[in-house]
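Okay, thanks everyone. Have a look at it first.

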Amino acid sequence: MSSLFTDPERAERLIDIAQSSLLPLLEGVILYTIPLTLISFAFGLALAVLTALARISTVKPLQIIARIYVSAIRGTPLIVQLFILFYGLPTLEIEIDPFPAAVIGFSLNVGAYASEVIRAAILSIPKGQWEAADTIGMSYSQSLKRIILPQAARVSVPPLSNTFISLVKDTSLASLILVTEMFRRAQEIAARTYEFLLLYMEAAVIYWILCFLLSLVQGRLENRFDRYVSR
Amino acid sequence: MISVRNLHKRFGDLEVLKGIDLDVQQGGTVVVIGPSGSGKTTFLRCLNILEAPSAGSVKIGDQTVDFSRPLSKREIASFRKQSAMVFQHYNLFPHMTALENVMEGPVTVQKVPKQKARERAEALLTKVGLGEKLHEYPFQLSGGQQQRVGIARALALDPKVMLFDEPTSALDPELVGEVLQVMKDLASEGMTMVVVTHEMRFAREVADEVIFMDGGHVIERGKPEDVFTRPSQERTQRFLNLIQNTDVL
């Protein structure tokens, strides 16, 4: 350990590795981590809205399907879900490439967790809003689209940001189903150079920066939505 | 214009309306009074099918609905076009400006072109005295101003009938007058209105008929001066004494 501080050659080697690994890691972020996050979140959010609507609908079978889906996803580890999709399904002769398998897994995961957020947000909108929409003649879908979801969106921003930030970090699990995202690249370089601490710290810092930037976006979104409420 | 026959409403075992009849002439104003729990608000909500009546029939304009059988969504939607509702708590859309609130029904539901809807909404808001507040959000308006936006929003639908559910009950006393004035103007312009309210002075000045409800029944009905000064029923007398003593007037 002391050599790190006393041996100039060791320090130079570390700096070299840090510099030369930065590009491949950032490439992993841009080619995989970010697309994986954005695509999965978009699909997941759509799935979440549908699931939330199914949960609050008066159609029993829809309610039950939505409940089972949310329960199954929340009740099993994400890594197990990914392994089933990527290593399990080929047994049934369903073979999915690493990236699409990861997208499916993360989307299903986000869909389940975010559906509870959206359901709560919809239920938090006062009943009078539905009634006012009814009395001006709106259909159910018009009420949702024009009146309820825009207000629910405001309430959802902080908890959905949590989901989003968790997703950014969870994409590191895709490394275990052979997606060459950032963390997998860090592992590969670490295995080659034996500089585990350096590479994993580097990966950690990159994740942290990503999440920090996202929390800035969250703040701006909240401000935007808050223009119509008194503070 | 309105004709209600033997309207019943049951919530489970609780019968809230026990056979209500009502007739309102075109351009007429009926004020419904009664203690809380009398069923007056439920009655008003039934006229718009915000609550589905359990039995009876309601005719508004040339449309009649009979509640002895379940109604389709289409039937409810078509019947609702006849009337517009003003709520006790305004129920404005908080994410829209005053102008957008008033435009929403015409543009989204009636598919009126935006430019035309905007002009109409501006005119209506000006009419209720809010020409200067077109682009304010509801939270930036006082209660009285919000309720006037609520009235403009209802008028924008060109209803045959306006339904008011205690429109001034949530307001600070000094804001009640501005809302009542708008309603008086509407009445004098010939709008057909059913108003649930405790504002006795408004009832005296504007109502063609006052209906006193209690326990799901109409106890007494008549011209405001008759009902207020010489009620024929003891229960009406007791209610009037009560609200006069507590200075609701």
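**Pockets and cavities**

Let me start with the second largest pocket, where α2 (8-56), α7 and α9 (196-225) of chain A each put in at least two lining residues. Keep in mind that this is a predicted model. So, which helix gives the most to that lining? It's α7(A), with nine residues. The volume of this pocket comes out at about 380 Å³. There are 18 residues around it, and the ones closest to its centre are A:Phe41, A:Leu45, A:Val157, A:Leu160 and A:Leu221. And how do the lining residues divide by class? We get 15 nonpolar, three polar and no charged.

Okay, on to the largest pocket. This one has a volume of about 820 Å³. Its lining is made of 23 residues, and nearest the centre you'll find A:Asp134, A:Ser139, A:Tyr140, B:Lys73 and B:Arg80. If you want to find your way by elements, the ones giving two or more residues are α6 (127-135) and α7 (140-170) from chain A, plus α2 (73-80) from chain B. Of these, α2(B) has the largest share, five residues. By class, the lining of the largest pocket has ten nonpolar, five polar and eight charged residues. Compare that with the second largest pocket, whose lining has no charged residues.

Now the cavities. How many of 30 Å³ or more turn up when you search the whole structure? Two.

The largest cavity holds about 70 Å³ of space. From chain A, its lining takes A:Thr135, A:Ile136 and A:Gly137. From chain B, we have B:Arg80, B:Lys81, B:Ser83, B:Val109, B:Gln110, B:Leu157 and B:Pro159. That lining divides into four nonpolar, four polar and two charged residues.

Which element has the largest share here? That's helix α5 (residues 143-155) of chain B, with three residues. By class, the lining of this second cavity has four nonpolar, two polar and one charged.

That's my tour, so let's go to discussion.

Definitions and conventions. Residues numbered from 1 in each chain as written. Chains lettered and ligands numbered in written order. Predicted model: local features only at pLDDT ≥ 70, side-chain atom pairs only at ≥ 80, totals over all residues. Heavy atoms only, no water. 1 Å grid on protein atoms, 1.4 Å probe; cavity = no way out; pocket = protein on both sides within 12 Å on 5 of 7 lines; lining within 4 Å. Points joined across faces, edges and corners; volume = space filled by probe spheres on them. Nonpolar A, V, L, I, M, F, W, Y, C, P; charged D, E, K, R; others polar. Helix = DSSP H or I, 4+ residues; strand = E, 2+ residues; numbered from the N terminus.
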